[in-house]
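Biologist: Could you walk me through reading helix packing and aromatic contacts? I'd like the general idea and then the case at hand.

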Amino acid sequence: MKRKLYIGILSGLFLLTGCNDWLDVQVDGQFTKEELFEIGDGYREALHGVYKEMTSTTLYGLNLQFGVIDFFSNQYDINAGQDKLSDELYIAAGKRDFTHTKLLPVIESIWLNAYHAIAASNNIINSIQNEAADKFSNGEMEKNMILGEAKACRAFLHFDLLRLFAPAPIDDDGQIHIPYIETFPETRGQHFTVKETLTKIIADLEEARALVKPFDESPLGLSGSVSGKARFYNELQSGMEGAADISAIDEFFLGRGYRFSYWAITSLLARVYQYNSTFESGDLAKAKSYAEEVLNAQFPGANSAVFTPFKNEQFAFQWQEQPENMTDIRMVDNLVFGLYNEKQLTDASIETYFPRTQSSTNNRLFIINFEKQDIFKSTNGTDDSQSDIRRTRLIYEPNNSWNTYLSTKWYVKTDDTKERDRTITILPLIRTSELRYIIAECEARNGNFANAYEILNTMRQNRGIYDNNLAVADKFSDFVKDLVREGQREWIGEGQLFYLYKRLQANVKRDDGSSRPFSTAESVLPIPSDESK
């Protein structure tokens, strides 16, 4: 397994078209490292290849977005009946039977493909550091930008491998778990403890953040991140750099929502520092500070205009009742970072799991288990299902179905194909809602429960719940129950709930009605047997 994992080659870089022209570079056959990096634009191709590999169905195109990862968290109903779900893979995932003959190969493929993408990142990192700045079209800034993004990809992938294949810090056993690979090629990776791995992840991210900052704080960088439409659709704000003639802009510097920008890396650091705060108590304050930096960011525009690209939550779809009529279902103004896959609709066979009409052949449905999980009942027992837009708008029932609740986030529109294509192609990975939850949790851990609940209740009001504010708790354990309930609603189909349960040792409702935290056997995926430590 080691030889397969770490001797990564940048062969067969995949094509990605339709979003940015810079992604359309043709890659024919296989390239050696020397051939690929003969010119500066080769590093652009290589970086694109890393992001593209992350969109594979093995990783964030399915398994770690809305697939097995959400079955791990009991988000989907595995007891819906053979006519709705009969696939042994997903039933095993729902039972967290990690050694099942159908599930184990999927787990091993997650490990393998993540480390292959890490190897591709390392190829960039190890090669670019000694390159002259004049090899790149935009000099030192472009070189540092590519290096920073490659380091961020490496850290991001290692972090999710750690969250999957090692105990959470709250359950840390002090043993070594995953390898942290920093060289290319690497045939023998050294394994580290959870704490040691987090130290390496943070170091990579802090360096990456500093490297991309000069571009993302430049006039063009600010223009490319000033709104969700700018980040994900290249629709620049009037008066911002390049908006008057976008055709004159090198498109490598657009589409910042699909790349590890300064804002995405800062948001990821907030997530990682929160995770590491079990080991380093001061990291809780860092997590809060980084989350606040993103949410409170102010971008200057023309004529003394000031933009706050991450501060306000927008839900344009809430005024429409039917999925076919909804727009901006990805909520791009609330999205800091996501991946792009032009072929996501077919690559992941979206309509297999989220059909418009139920038929006798639909037996792989990802049915939200919200009634058995009490997702839309507040912890005090009141029912929010009639007002919460995460229930009334972000869940739909296919035609010809009964009690079959699917995520509208992955609904495939038939009428407005333009809106469909610019929705399905985005794989959301970091939202501003998570940053708000991080700040609320930090406040609660510091005993500032009124501040914590002000955040939660404001978010609930923004989602349509005006008449049922959560009561301010005075114990952190009670706050966790409310936070988890909000997370259950917020992250349907986005692969985050399993990590939330695991990090907080939160109770998870079981099929028999009992509630208890995940055991180690339920929350730590098995490292491939031939990957010796």
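Modeller: Let's begin with handedness: a crossing is left-handed if the near helix is turned anticlockwise from the far one by less than a right angle, and right-handed if clockwise. Keep in mind that this is a predicted model. Here, α11 and α12 cross in the left-handed sense.

Biologist: And what is the angle at which the axes of α11 and α12 cross?

Modeller: Two packed helices are described by the angle between their axes and the distance between the axes. Helix α11 covers residues 262-276 and helix α12 residues 283-295; their axes come within 8 Å and cross at roughly 155 degrees. Angles over 145 count as roughly antiparallel, so that is how α11 and α12 run relative to each other.

Biologist: Which residues in α11 and α12 meet?

Modeller: From α11, the list includes Y262, W263, L269 and Y273. On the α12 side you'll find, among them, K286, A287, Y290 and V294. Y290 also has R209 lying over its ring face, 4.4 Å from the ring centre.

Biologist: OK, rings next. How many aromatic pairs does the structure hold?

Modeller: A pair of aromatic rings is described by the distance of the centres and the angle of the planes. This structure holds 41 aromatic pairs. Take F252 and F253: their ring centres are 5.3 Å apart and the planes sit at 85 degrees, so the pair is edge-to-face.

Conventions:
Residues numbered from 1 in each chain as written. Predicted model: local features only at pLDDT ≥ 70, side-chain atom pairs only at ≥ 80, totals over all residues. Heavy atoms only, no water. Phe/Tyr/Trp six-rings, centres within 6.5 Å; stacked < 30°, edge-to-face > 60°. Lys NZ or Arg CZ within 6 Å of the ring centre and 35° of its normal. Axes fitted to C-alpha atoms, helices over the stretch in contact; angles between N-to-C directions. Helix = DSSP H or I, 4+ residues; strand = E, 2+ residues; numbered from the N terminus. Parallel < 35°, antiparallel > 145°, perpendicular 65-115°, else oblique. Contact = heavy atoms within 4.5 Å.
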